[in-house]
Amino acid sequence: MTTVNNNHYDVIVIGGGITGAGTARDCAMRGLKVLLVERHDFSTGATGRNHGLMHSGARYAVTDHESAKECIQENMILRKIAKHCVEETDGLFITLPEDDINFQATFVQKCTEAGISAEIIDPKQAILMEPSVNPELIGAVKVPDASIDPFRLTMANVLDAQLHGAEVLVYHEVIDVIIEQDRMVGVKLRNNHNGETLDAYATVTVNAAGIWGALIAQMAGVKINMFPAKGSLLIFGHRVNHMVINRCRKPANADILVPDDAVCVIGTTSLRIPIEECDDMRVTPEEVEELLAEGMKLAPSLGSTRILRGYAGVRPLVASDDDPSGRSISRGIVTLDHEKRDGLAGFITITGGKMMTYRLMAEEVTNLVCQKLNINKSCETATTPLPGSEPKEETKRFSFSQKAAQGRHGTLNDTIERGEAANDALVCECEGVSVGEVRYAVTKLHVHNLINLRRRTRVGMGTCQGELCACRAAGVMCNDDKSAQKAINDLNGFINERWKGMQPVAWGDNLAEAQLTATIYQSLLGVDKLANERRIEYYEI
Amino acid sequence: MKFDIIIIGGGLSGLTAGIALAEAGKDVALVSAGQSSLHFGSGSLDLLGCDEKGNDIYKPLDAIKAVNSKHQYNKLEDVSSLAGVAKQLLERAGIATTGNITSNHWRITPIGGLMPTWLSMEGMATIEDPDQMPWRKVALVNIINYLDFPTKFLASGLRDKGVEVDVKAVSLPELQKLRQSPTEMRSSNIAKVIESNELIVKLAEEVYKVAGEGYDMVLLPAVLGMTNSEKSQQLLKLIKVPARYVATLPPSVPGVRMQTMLRKRFTALGGTFFTGDQVTEGLFEDNILKGVKTAKLDGTTLEADNFILATGSFMSRGLKADYNRVYEPALGVDVDDLGLDRKTWAKIDVTDAQPYMEMGVKTDENLRCMRNGTTISNLFAVGSILSGHNSIKRLDAGGVDMLTALQVANNIIK
């Protein structure tokens with residue numbers, strides 16, 4: 001049996017979502033010897049399947065004061081430490097004729113109590129500020145909502161963890177835990193690329209696997225009551241709104257529209273599903289209908305805007321420990337010290353919470369880890385900028401692709417090789433991704449396939465959904481005949497994965513685009529015939 | 001304005017019908033939006049490449065006899081003779097091809113696959129028998145920094161078939177300018193730069209330098225000759241060793257060339273070409289189409305005795321789908337949506353036969369369109385807009401385009 005570097009770690013963090021990445025960063029910054037493991041790619045779970053909304057906390061102000069306060073505090077922190085992941089758009093909470101306008105006053109008061117600036121705007125003024133908003137609105141409140149790129153944010157946390165000495169294994173799945181007497185001492189890992197297994201040992205193991213954390217706990221003989229709640233969202237082909245638009249009422253389905261980069265996202269629906277379905281979630285026609293109908297109430301022009309794709313994520317809702325019926329759901333951060341709770345030392349679960357509060361979750365769990373390790377070092381993640389967001393004089397950028405890459409990688413953009421025609425050639429015209437940026441992502445950002453590359457660079461995320469860029473990128477990524485066959489399989493998988501999101505919304509321009517893609521990839525290239533493996537990673541939305 | 005025949009759509013099917021009718025002495029006008037699916041093509045036309053199971057077809061004529069009853073090939077009177085006429089029509093337009101209807105040959109795809117096909121434009125690399133590669137040692141010569149000719153895949157695909165492959169790349173100072181702008185290294189731009197005899201000679205020398213000795217075939221990206229085949233043929237001769245072209249990622253220079261040459265042939269025969277325009281409305285009286293209005297010819301009605309709808313499938317916007325229905329946007333003729341609800345138009349696995357691919361306008365046995373269930377006696381449909389075939393799965397796009405167009409031309413002339 002092999003072990004990772006024959007080494008013993010202070011802490012193993014399970015899960016490459018934003019919580020795991022943030023925890024790995026915090027632990028590493030406090031001088032711990034860290035191993036971060038992820039069964040697929042970074043941000044494949046809930047982290048990569050939400051609105052990309054940086055909540056001001058206003059959404060929770062009326063129903064959950066504590067969450068609202070946490071949100072606004074973290075919101076202000078992320079603006080400083082993750083500048084290159086955040087777009088400061090501001091948000092509106094609108095009241096429509098069908099809503100109760102009296103709710104607005106309560107809303108503003110509760111926002112203020114939580115420390116969220118909430119300014120009542122005249123509806124006419126609101127239309128001038130955000131021309132896409134439903135012109136029938138009867139009330140509007142401006143709050144400091146913003147847009148955030150979760151892929152970028154996760155990667156920046158991983159990069160910083162690595163800079164502080166953390167080791168990272170992607171495509172390594174925990175298949176069992178190693179328990180000696182009443183202590184968890186490590187995990188058994190399977191390399192999902194080649195099937196090899198290996199052991200890794202640590203004093204403390206942190207379970208940050210989102211909804212899948214219930215399964216990790218199960219391996220350790222510990223029960224966590226989790227309720228997977230599926231949320232579906234739709235991405236539109238261009239940016240209809242430039243401010244976040246919410247409904248000013250108690251949180252409900254499909255009432256948030258977020259501008260992200262060149263697109264916008266409406267969501268979400270909410271549906272309890274069995275945990276077995278979490279690995280292959282599909283957006284249903286009924287969900288598409290609901291999202292469209294509700295979305296058009298926020299911004300009527302969504303009705304005539306092309307939908308690029310649909311996708312679904314799953315919220316890791318946790319039942320409160322003090323409720324034996326399991327019905328009372330905790331919306332806040334849940335840190336479970338299994339030593340105290342279940343008599344299993346060396347094992348901690350961090351769950352609940354939301355993307356917005358990932359840093360706080362990481363801080364809380366790292367505090368507990370340090371306590372177990374008798375380390376007395378304070379958390380610095382709230383004040384230390386993430387890689388890419390360090391203060392630095394703006395370099396002048398001239399080309400579209402340089403500007404696009406600057407947006408994606410922040411100050412790290414300077415490490416992308418440029419100047420030579422061979423590096424500057426454009427792989428993806430929609431998103432301005434150069435050969436140099438692809439190479440940078442492959443060597444520095446744990447890119448193993450085209451879908452990983454998409455998460456790091458946005459290749460194939462534009463309106464064409466990978467029409468030509470996927471083939472070009474695959475060409476850049478492969479080096480020899482052996483990798484050529486792998487790249488063809490990868491290309492085939494990528495095309496199918498893009499289709500997974502398009503299929504639920506296959507009408508209008510999408511259907512035309514789908515036929516064109518099929519003409520190019522199947523009739524012209526014959527990629528489906530050349531692929532010798534039909535493994536389609538359904539979890540890889 | 002009054003014509004004998006008005007054709008809507010300027011792609012392969014519309015131009016084929018237009019040329020055939022103009023050659024028969026008819027006064028033909030063609031309204032075209034401009035783009036054609038030829039621009040996404042391979043430089044070859046497929047007739048029937050794959051059987052129901054996806055296996056390659058070697059003898060297409062036999063396979064055509066066995067196509068299912070909904071396939072448009074059933075409406076052709078004599079497939080074999082129409083196929084011969086198609087080849088000659090291309091020839092007269094200056095488009096020489098290899099291939100025939102009795103046996104498919106194989107084209108090399110841009111990522112190194114082999115696909116069965118019917119007619120290949122001159123200069124394209126073709127293979128008679130996919131189980132027996134004709135070359136022992138091949139040089140793949142790309143243009144430096146041109147990303148749309150994925151040589152690594154091509155080399156790997158050819159090596160899998162037992163061919164020894166070396167990958168080379170050449171450039172010319174004149175291409176440096178393109179290279180400086182990262183969006184410019186695309187096939188059509190390269191074709192525009194390498195136009196003069198002088199540059200063709202220089203390029204041939206560069207290719208000969210890297211691949212002149214020891215190879216029994218030199219394969220090049222098909223990026224020369226947007227308007228005629230002169231330059232691309234000249235380069236092959238100048239290289240002095242056997243050399244052929246392989247299709248690139250779109251835009252397809254051979255495809256653009258084919259459309260350009262067909263259009264030239266059509267206008268040389270006296271055809272009228274309204275370009276960059278589209279039909280917005282049909283003027284029907286009883287079961288006859290009297291005329292059409294277009295977006296650009298403000299108020300003018302184009303009248304004709306017969307009309308041909310050749311606007312292509314969804315990707316060409318000849319068919320449109322909205323939230324609830326599939327429709328034909330130009331004239332509002334009846335569409336066969338296979339009786340399917342939107343939720344079942346598309347299947348979950350992209351490589352499955354997708355039901356929407358087989359949707360298209362309804363026609364009678366003479367390829368005449370219908371409106372509200374009634375046949376329009378002087379309105380025909382040709383090409384990809386027709387229902388009943390899946391050109392992605394069966395590889396029959398070129399054949400459906402050209403042969404239905406020729407059949408309709410015959411039906412009208414009769």
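The interface between the chains is considered at the outset. In the predicted model, 53 residues of chain B are in contact with 54 residues of chain A, and the two chains together bury about 4,700 Å², with carbon and sulfur atoms accounting for 62% of that area. Six salt bridges are counted between chain B and chain A; one of them joins Lys529(A) to Asp56(B), where the closest N and O atoms are 3.6 Å apart. Polar contacts between chain B and chain A amount to 21 residue pairs, with both partners at pLDDT 80 or more. On the side of chain B that touches chain A, the elements that give two or more residues are α4 (151-160) and α10 (391-394) of chain B, and of these α4(B) gives the most, with five residues. Sorted by class, this side of chain B has 24 nonpolar, 14 polar and 15 charged residues.

Within chain A, the domain assignment gives three stretches of interest, namely domain 1 (2-46 + 151-225 + 326-373), domain 2 (86-146 + 227-311) and domain 3 (400-530). The C-alpha centres of domain 1 and domain 3 of chain A are 31 Å apart, and the contact between these domains takes 13 residues from domain 1 of chain A and 12 residues from domain 3 of chain A. About 1,100 Å² is buried between domain 1 and domain 3 of chain A, and carbon and sulfur atoms give 57% of this area. Asp41(A), Phe151(A) and Arg152(A) supply 41% of the area that domain 1 of chain A buries against domain 3 of chain A, which is more than any other three residues.

Asp41(A) also takes part in a salt bridge, in which its side chain meets that of Arg456(A) at 2.6 Å, N to O. In total, two salt bridges are counted between domain 1 and domain 3 of chain A, together with eight residue pairs in polar contact, both residues of each pair being at pLDDT 80 or more. On the side of domain 1 of chain A that touches domain 3 of chain A, helix α6 (residues 150-163) of chain A gives the most, with five residues, and by class this side has seven nonpolar, four polar and two charged residues.

For chain B, the domain assignment gives domain 1 (2-98 + 257-413) and domain 2 (125-246). The C-alpha centres of domain 1 and domain 2 of chain B lie 33 Å apart, and their contact takes seven residues from domain 1 of chain B and 10 residues from domain 2 of chain B. The area buried between domain 1 and domain 2 of chain B is about 580 Å², and carbon and sulfur atoms give 41% of it. Across this interface of chain B, zero salt bridges are found, whereas three residue pairs are in polar contact, both partners being at pLDDT 80 or more. Helix α9 (residues 253-268) of chain B provides four residues, the largest share of the side of domain 1 of chain B that touches domain 2 of chain B. By class, that side of domain 1 of chain B has two nonpolar, three polar and two charged residues.

Methods. Residues numbered from 1 in each chain as written. Chains lettered and ligands numbered in written order. Predicted model: local features only at pLDDT ≥ 70, side-chain atom pairs only at ≥ 80, totals over all residues. Heavy atoms only, no water. Domains from an automatic or database assignment. Contact = heavy atoms within 4.5 Å. Buried area = accessible area lost by both parts, 1.4 Å probe. Salt bridge = Lys/Arg side-chain N within 4 Å of Asp/Glu carboxyl O. Polar contact = N/O pair within 3.5 Å; in protein donor to acceptor, adjacent residues only side chain to side chain. Nonpolar A, V, L, I, M, F, W, Y, C, P; charged D, E, K, R; others polar.
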